[in-house]
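Colleague: Please take a close look at one part of this model for me. I would like to hear what packs against what there, and then what lies around it.

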Amino acid sequence: MNREKALEILHQYLHTENLVKHSFAVEAVMKALAERLQPDKVEEWSIAGLLHDLDADLVDYRKYPEKHGPKTVELLKQHNFGNEEMYHAILAHNKATGTEAESNFDKALYAADPITGFITAIALVYPDKKLSSVKVKSITKRMNELRFAAGADRDAMRSIEKVGIPFVEFAELSLKAMTAIADQLGL
């Protein structure tokens, strides 16, 4: 597995600009999580973050939520890309597939996916619309405002605690990871 090939695959199937940015954000957060939890798997975890929504432009996941994930795995297998651990994590990031998040890899991707959108939503309410304006305290405070970014799965974000990372540390790790690629995210 290498990132160059992953990017080639990403751009072959994913064309919606915001989904591509989301993919980069999840990649950054997964890299930071791997560095903390499993340093020998940084590339694998990062690439899973990058490719986890590969099927998002191909599957109407609002109408057929159970197809989101399995189609990504099918595409990756067609390219002989990835491994069983990565496939399982991609399937487990979407509860509609019926795949349980079992490993730390699975749990990390499940939590990383929604926090990137949540942090982006927070940045977008600031006048400058920049990640540099977002503070960890804003993230933790907004978690309790259920009408803010109502579609963000707060339980999934909080589930990071199952791997031994307190939510406030996860918020900080995620914000730092995303801020490091702010230009790429347009934030």
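Modeller: Leaving out residues up to four places away in sequence, Leu33 touches Gln38, Trp45, Ala108, Ala112, Ile160, Ile165, Phe170 and Leu173; a contact here is heavy atoms within 4.5 Å. The model is predicted, so local features need pLDDT of at least 70 and side-chain atom pairs count only at pLDDT 80 or more, while totals for chains, interfaces and linings use all residues. Residues are numbered from 1 along each chain as its sequence is written, and side-chain values use heavy atoms, with hydrogens and water left out.

Leu33 is also among the residues with the most contacts inside the largest nonpolar core, which has 64 residues; Met30, Leu51, Leu76, Leu131, Ile139 and Phe170 are the others named. Helix H2 (residues 17-37) gives the largest share of this core, 11 residues. Such a core is a set of buried Ala, Val, Leu, Ile, Met, Phe, Trp, Tyr and Cys residues joined through side-chain atoms within 4.5 Å. Buried means under 20% relative accessible area, exposed over 50%, and partly exposed in between, with a 1.4 Å probe and protein chains only. Helices are DSSP runs of H or I with at least four residues, strands are E runs of at least two, and both are numbered from the N terminus.

Two packed helices are described by the angle between their axes and the distance between the axes. The axes are lines fitted to C-alpha atoms, for helices over the stretch in contact, and the angles run from 0 to 180 degrees between N-to-C directions. H2 and H9 pack at about 125°, with axes 8 Å apart, which makes H2 oblique to H9. On the H2 side the contact is made by Ala25, Ala28, Val29, Ala32, Leu33 and Arg36, and on the H9 side by Glu169, Phe170, Leu173, Ser174, Ala177 and Met178. For H2 and H6 the angle is about 135° and the axes are 9 Å apart, so this pair is oblique as well. His22, Ala25, Val26, Val29, Met30 and Leu33 of H2 meet Phe105, Ala108, Leu109, Ala112, Asp113 and Thr116 of H6. Oblique is what remains once angles under 35 degrees (roughly parallel), over 145 (roughly antiparallel) and 65 to 115 (roughly perpendicular) are set aside.

Val168 lies in helix H9 (residues 167-180). Val168 is partly exposed because its relative accessible area is 44%. Beyond its neighbours within four places in sequence, Val168 is in contact with Val136 and Thr140. The C-alpha atoms of Val168 and Leu37 are separated by 16 Å, although these residues are 131 places apart along the chain.

Ser159 sits in the loop between helix H8 (154-158) and H9. Its relative accessible area is 8%, so Ser159 is buried. A polar atom of the Ser159 side chain lies 2.5 Å from the backbone oxygen of Ala156. A polar contact is a pair of N or O atoms within 3.5 Å; within protein, one must be able to donate a hydrogen and the other to accept it, and residues adjacent in sequence count only if both atoms are side-chain atoms. Ser159 also touches Tyr110 and Ala111, not counting residues up to four places away in sequence.
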